[in-house]
Amino acid sequence: MALPLVIFYFIYLAFVLVFLFYTLFNLYHLVRFGLLNIPVIIVIFVYLAGSIAILLLSWGAIAQIDWSQSIPLMPTFPIQ
Amino acid sequence: MLKFFIPHRGKGEQIILLLRRHPFIIAVKLAFWLVVATMPPLFMIVLGGEMDVLFNHDLFGPLAILFTSIYYLFVWLFALHTFVDYYLDVWIVTNERIINVEQRGLFSRTVSEQKLYRVQDVTSELKGIFSTLLTFGTVYIQTAGETQRFIFKQVPDPSHIARRVMQLAEENKKRHHDLMEAEQSK
């Protein structure tokens, strides 16, 4: 029996979705209940730039992984 | 003129004081997230070659990359949330009322208010080393209402704020008194 590695990739994507959802909600709160002035615009810009940088760096590393691999669930021993 | 979102703003109502916690408070919280962000590189330095083995492993390599990505995404998100929490936690004193807006997490927001003429007693307090050195503290506002007293937490220069609130309350009481007399004499 083997577990496809791609499962972890989908779990990762679920975390990214949660991240995007909370990001949108935080930014919505800032704009809706705060005031869209220069310092807030700078914070939003820096935050979005940082997020994009993290996602691009992650993508650079993730794209090099062979997701078609499987993880053997039972240890295999050399049989003579 | 100070600008901020205030619920059901009255005609001619102006924001006199817009208070947030002292910047030192957010600086400490953001410094915490900075320390958390430096943990993985520290581990890399301390463990050195062992981490290279982990990242080059067929199974643990991909998992380590995914985990590191999630780790940094969420540290970044929590840092933003710290700022949002700081920025939206405000105490507003207008020429008519005191409004306490408290952001508790993302899905809970409490807004309470009290009329300025109901203010009875204002107390300021400095407590602790940083509070004394940087002059930030707590202002307690006791009102005639049944609701618990208003507390401005960790605000800069609390004694000045206490004096200003008391002054505004006195002016508001006088204005209300004059209005009541004018109405009675009609």
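**Entry 1: salt bridges.** I counted the salt bridges over all chains, and the count came to 6. For this I took a salt bridge to be a side-chain nitrogen of Lys or Arg within 4 Å of a carboxyl oxygen of Asp or Glu. I noted the salt bridge of B:Glu13 with B:Arg97, whose closest N and O atoms are 2.6 Å apart. B:Glu13 lies in the segment before β1 (15-19) of chain B and B:Arg97 in strand β3 (residues 97-103) of chain B, so the pair ties together parts that are 84 residues apart in sequence. Helices (H or I, at least four residues) and strands (E, at least two) are DSSP runs, numbered from the N terminus.

**Entry 2: basis of the work.** I recorded that this is a predicted model, in which local features need pLDDT of at least 70 and side-chain atom pairs count only at pLDDT 80 or more, while totals for chains, interfaces and linings use all residues. Residues are numbered from 1 along each chain as its sequence is written, chains are lettered from A and ligands numbered from 1 in the order in which they are written, and side-chain values use heavy atoms, with hydrogens and water left out.

**Entry 3: chain A against chain B.** I found 36 residues of chain A in contact (heavy atoms within 4.5 Å) with 26 residues of chain B. The two chains bury about 2900 Å² between them, 83% of it on carbon and sulfur atoms. Buried area is the accessible area (1.4 Å probe) that two parts lose on being put together, summed over both. Between chain A and chain B I counted 0 salt bridges. On the side of chain A that touches chain B, α1 (6-33) and α2 (38-62) of chain A each supply at least two residues. The most comes from α1(A), with 17 residues.

**Entry 4: helices of chain B.** I looked up helix α1 (residues 23-37) and helix α4 (residues 60-88) of chain B, whose axes come within 10 Å and cross at roughly 175°. Axes are lines fitted to C-alpha atoms, for helices over the stretch in contact, and angles run from 0 to 180 degrees between N-to-C directions. That makes α1(B) roughly antiparallel to α4(B), a term for angles over 145 degrees. Residues making the contact include B:Trp33 of α1(B) and B:Phe78 of α4(B). I also noted that α1(B) and helix α2 (residues 39-47) of chain B pack at about 35°, with their axes 4 Å apart.

Notes. Angles under 35 degrees count as roughly parallel, over 145 as roughly antiparallel, 65 to 115 as roughly perpendicular and the rest as oblique.
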